[in-house]
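The sequence and structure are shown first.

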Amino acid sequence: MATRGGGPTVTGTDGNDFEYRQRVAAPHQISLLNKSRLKYCIFFHALLFFVMLAKLTSDILDRLDIFVLEIEELEVPAPLWWEYIWLASLLSSFVGLSAARGNRIRDMQKYMIVLGLFGVLPLMYCFIYYIGDVIEYLTLDDETDLEDTDIFLWRVS
């Protein structure tokens, strides 16, 4: 170990040129930053999973033949198939976290493929499915009553 002030130094230096040491290389810094971002994305994906699960609770309980009056009174619309497929996308998160922890590129590629299939494609279908309603809603006149349109609205008072 080097000592400050009292120990011998190399000729041509005063011992203050140690700053170049103990630096993490730029590719490793970028990798750490991206792993941190991935963890945040997976965390928010999990939060959205629970929101979607809450929306699907009524249908799930109906399929299990469980009746809960408070949930039935909410009159939640029947789910579409893409919502269940999107729920399955959370399972890929475990592969992604494992791949990030172990620096396994193949597993990260598998994670991205599965997330694209089960996460992004159902959302693209949802976008295409609802874009007509969105455009119709945005182009409505102020005097138009929403009940006279084909736009589905949940819990409008």
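Two residues are said to be in contact when heavy atoms of theirs lie within 4.5 Å. On that basis, residues 24 or more positions apart account for 60% of those contacts in the chain that have a separation of 6 or more.

## Overall fold

The model is a predicted one, and its chain contains five helices and zero strands, so that, because helices and strands are taken as DSSP runs, the order of elements from the N terminus reads α-α-α-α-α. Of the 157 residues in the chain, 18% count as buried.

## Annotated transmembrane regions

An unreviewed UniProt entry places the feature "transmembrane region" at residues 40-61, 81-100 and 112-132. In the model, the span of residues 40-61 is 100% helix and 0% strand, with its end C-alpha atoms 31 Å apart. For residues 112-132 the span is likewise 100% helix and 0% strand, and here the end C-alpha atoms lie 30 Å apart.

## The packing of α4 against α5

Helix α4 covers residues 91-102, and helix α5 covers residues 105-138. The two pack at an angle of about 155°, with a distance of 8 Å between their axes. Angles over 145 degrees count as roughly antiparallel, and α4 and α5 are therefore roughly antiparallel to each other.

The crossing in which α4 passes α5 is left-handed. On the α4 side the contact is made by Ser-92, Ser-93, Val-95, Gly-96, Ala-99 and Ala-100, while α5 contributes Asp-107, Met-108, Tyr-111, Val-114 and Leu-115. By class, the residues of this contact divide into seven nonpolar, three polar and one charged.

## Ser-92 within the contact

Ser-92 belongs to helix α4 and, when residues up to four places away in sequence are not counted, touches Tyr-111, Val-114 and Leu-115, each of which is listed among the α5 residues of the helix contact. With a relative accessible area of 4%, Ser-92 is buried, because the limit for that class is under 20%.

Asn-34 is found in helix α1, which spans residues 26-63. Its relative accessibility is 40%, and Asn-34 therefore counts as partly exposed, a class that lies between the 20% and 50% limits.

Asn-34 and Ala-100 are 66 residues apart along the chain, yet their C-alpha atoms are separated by 9.3 Å. Ala-100 is also one of the α4 residues that make the contact with α5.

Definitions and conventions
Residues are numbered from 1 along each chain as its sequence is written. This is a predicted model: local features need pLDDT of at least 70, side-chain atom pairs count only at pLDDT 80 or more; totals for chains, interfaces and linings use all residues. Side-chain values use heavy atoms; hydrogens and water are left out. Helices (H or I, at least four residues) and strands (E, at least two) are DSSP runs, numbered from the N terminus. Buried means under 20% relative accessible area, exposed over 50%, partly exposed in between (1.4 Å probe, protein chains only). Axes are lines fitted to C-alpha atoms, for helices over the stretch in contact, and angles run from 0 to 180 degrees between N-to-C directions. Angles under 35 degrees count as roughly parallel, over 145 as roughly antiparallel, 65 to 115 as roughly perpendicular and the rest as oblique. A crossing is left-handed if the near helix is turned anticlockwise from the far one by less than a right angle, and right-handed if clockwise. Ala, Val, Leu, Ile, Met, Phe, Trp, Tyr, Cys and Pro count as nonpolar, Asp, Glu, Lys and Arg as charged, and the others, Gly among them, as polar. UniProt positions are given in the numbering used here, feature names are shortened, and annotations may be inferred rather than shown by experiment.
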